Amino acid sequence: MNGLRFFLLVLGFIAAGCSLATVRPVQEMSNAEAALKAAKTLHADSLAPDLFRASTEYYYKAKREYRLKNFEVALRYAEKSRKFAEKAEFQSYLKGGA
(Lines give C-alpha, C1' and ligand atoms only; values in the text may rest on other atoms or scores of the structure.)
Protein backbone atom coordinates (compact mmCIF):
# COMPACT_ATOMS: atom_id res chain seq x y z
CA MET A 1 0.00 0.00 0.00
CA ASN A 2 2.90 2.38 0.75
CA GLY A 3 4.31 1.73 -2.72
CA LEU A 4 1.00 2.73 -4.32
CA ARG A 5 0.86 5.97 -2.33
CA PHE A 6 4.43 6.80 -3.28
CA PHE A 7 3.70 6.07 -6.94
CA LEU A 8 0.62 8.31 -6.90
CA LEU A 9 2.57 11.07 -5.16
CA VAL A 10 5.36 10.91 -7.73
CA LEU A 11 2.82 10.85 -10.55
CA GLY A 12 1.13 13.93 -9.08
CA PHE A 13 4.42 15.82 -8.94
CA ILE A 14 5.22 14.91 -12.52
CA ALA A 15 1.82 16.08 -13.72
CA ALA A 16 2.10 19.34 -11.78
CA GLY A 17 5.60 19.93 -13.13
CA CYS A 18 4.47 19.48 -16.71
CA SER A 19 1.63 21.93 -16.35
CA LEU A 20 3.88 24.52 -14.72
CA ALA A 21 6.53 24.23 -17.43
CA THR A 22 4.20 25.44 -20.16
CA VAL A 23 3.53 29.14 -20.32
CA ARG A 24 0.35 30.50 -21.85
CA PRO A 25 1.16 32.64 -24.91
CA VAL A 26 -1.12 35.49 -23.83
CA GLN A 27 1.13 38.27 -25.13
CA GLU A 28 1.71 36.55 -28.47
CA MET A 29 -2.04 36.05 -28.96
CA SER A 30 -2.59 39.71 -28.18
CA ASN A 31 0.15 40.77 -30.59
CA ALA A 32 -1.36 38.66 -33.38
CA GLU A 33 -4.80 40.16 -32.77
CA ALA A 34 -3.40 43.70 -32.79
CA ALA A 35 -1.50 43.04 -36.01
CA LEU A 36 -4.66 41.71 -37.64
CA LYS A 37 -6.61 44.81 -36.59
CA ALA A 38 -3.86 47.08 -37.94
CA ALA A 39 -3.86 45.22 -41.25
CA LYS A 40 -7.65 45.42 -41.44
CA THR A 41 -7.46 49.18 -40.85
CA LEU A 42 -5.31 49.51 -43.97
CA HIS A 43 -7.78 47.37 -45.96
CA ALA A 44 -5.39 44.44 -46.21
CA ASP A 45 -8.36 42.14 -46.69
CA SER A 46 -8.81 43.63 -50.18
CA LEU A 47 -5.31 44.97 -50.99
CA ALA A 48 -3.32 41.94 -49.78
CA PRO A 49 -5.97 39.20 -49.56
CA ASP A 50 -3.66 36.17 -49.62
CA LEU A 51 -1.46 37.39 -46.79
CA PHE A 52 -4.44 38.61 -44.77
CA ARG A 53 -6.27 35.31 -45.24
CA ALA A 54 -3.20 33.32 -44.14
CA SER A 55 -2.87 35.52 -41.08
CA THR A 56 -6.52 35.05 -40.18
CA GLU A 57 -6.34 31.29 -40.61
CA TYR A 58 -3.25 31.05 -38.40
CA TYR A 59 -4.92 33.23 -35.78
CA TYR A 60 -7.99 30.98 -35.63
CA LYS A 61 -5.74 27.92 -35.42
CA ALA A 62 -3.86 29.58 -32.56
CA LYS A 63 -7.12 30.29 -30.73
CA ARG A 64 -8.27 26.70 -31.19
CA GLU A 65 -4.99 25.27 -29.89
CA TYR A 66 -5.02 27.72 -26.98
CA ARG A 67 -8.50 26.53 -25.99
CA LEU A 68 -7.24 22.94 -26.17
CA LYS A 69 -4.30 23.96 -23.94
CA ASN A 70 -1.72 23.15 -26.62
CA PHE A 71 0.20 26.29 -25.75
CA GLU A 72 3.38 25.56 -27.70
CA VAL A 73 1.40 24.99 -30.90
CA ALA A 74 -0.74 28.05 -30.18
CA LEU A 75 2.44 30.10 -29.75
CA ARG A 76 3.78 29.03 -33.15
CA TYR A 77 0.47 29.78 -34.88
CA ALA A 78 0.16 33.16 -33.15
CA GLU A 79 3.66 34.14 -34.28
CA LYS A 80 2.90 33.09 -37.86
CA SER A 81 -0.35 35.02 -37.74
CA ARG A 82 1.42 38.17 -36.58
CA LYS A 83 4.10 37.90 -39.25
CA PHE A 84 1.58 37.42 -42.05
CA ALA A 85 -0.56 40.28 -40.73
CA GLU A 86 2.46 42.58 -40.63
CA LYS A 87 3.36 41.63 -44.21
CA ALA A 88 -0.24 42.21 -45.31
CA GLU A 89 -0.29 45.58 -43.57
CA PHE A 90 2.96 46.64 -45.23
CA GLN A 91 1.81 45.48 -48.66
CA SER A 92 -1.44 47.40 -48.20
CA TYR A 93 0.48 50.48 -47.17
CA LEU A 94 2.58 50.25 -50.34
CA LYS A 95 -0.59 49.98 -52.42
CA GLY A 96 -2.02 53.12 -50.86
CA GLY A 97 -4.28 51.68 -48.21
CA ALA A 98 -5.30 54.16 -45.55
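The stops below go from the overall fold to helix packing, salt bridges and a surface patch.

**Before starting**

This is a predicted model, in which local features need pLDDT of at least 70 and side-chain atom pairs count only at pLDDT 80 or more, while totals for chains, interfaces and linings use all residues. Residues are numbered from 1 along each chain as its sequence is written, and side-chain values use heavy atoms, with hydrogens and water left out.

**Whole chain**

Display the chain as a cartoon. It contains five helices and zero strands, in the order α-α-α-α-α along the sequence. Helices (H or I, at least four residues) and strands (E, at least two) are DSSP runs, numbered from the N terminus. Next, colour by accessibility: of the 98 residues in the chain, 24% are buried. Buried means under 20% relative accessible area, exposed over 50%, and partly exposed in between (1.4 Å probe, protein chains only).

**Helices α4 and α5**

Select residues 49-67 for helix α4 and residues 71-94 for helix α5. The two helices pack at an angle of about 160°, with their axes 7 Å apart. The pair is therefore roughly antiparallel. Axes are lines fitted to C-alpha atoms, for helices over the stretch in contact, and angles run from 0 to 180 degrees between N-to-C directions. Angles under 35 degrees count as roughly parallel, over 145 as roughly antiparallel, 65 to 115 as roughly perpendicular and the rest as oblique. The crossing of α4 and α5 is left-handed, a term used if the near helix is turned anticlockwise from the far one by less than a right angle (right-handed if clockwise).

Within α5, select alanine 88. Its relative accessibility is 0%, so alanine 88 counts as buried. A C-alpha to C-alpha distance of 9.0 Å separates alanine 88 from leucine 42, although the two are 46 residues apart in sequence.

**Salt bridges**

Five salt bridges are found in the whole structure, each defined as a side-chain nitrogen of Lys or Arg within 4 Å of a carboxyl oxygen of Asp or Glu.

- Lysine 40 and aspartate 45: the closest N and O atoms are 2.7 Å apart. Lysine 40 is partly exposed at 44%, as is aspartate 45 at 32%.
- Arginine 53 and aspartate 50: the N to O distance is 3.2 Å. About one helical turn separates these residues, because they are three residues apart in helix α4. Aspartate 50 is exposed at 57%, whereas arginine 53 is partly exposed at 44%.
- Glutamate 86 and arginine 82: the N to O distance is 3.1 Å. They lie four residues apart in helix α5, and so about one helical turn apart. Glutamate 86 is partly exposed at 37%, and arginine 82 is partly exposed at 25%.

**Surface patch**

Finally, show the surface and select Leu4, Phe7, Leu8 and Leu11. Together these residues form a nonpolar patch with about 400 Å² of accessible area. Patches are made of residues with over 30% relative accessible area and no salt bridge: like charges are joined within 9 Å, nonpolar side chains (Val, Leu, Ile, Met, Phe, Trp, Tyr) within 5 Å. Accessible areas come from the Shrake-Rupley method with a 1.4 Å probe; for residues, only the protein chains shown count as cover. Leucine 11 is located in helix α1, residues 2-21, and is partly exposed at 43% relative accessibility.
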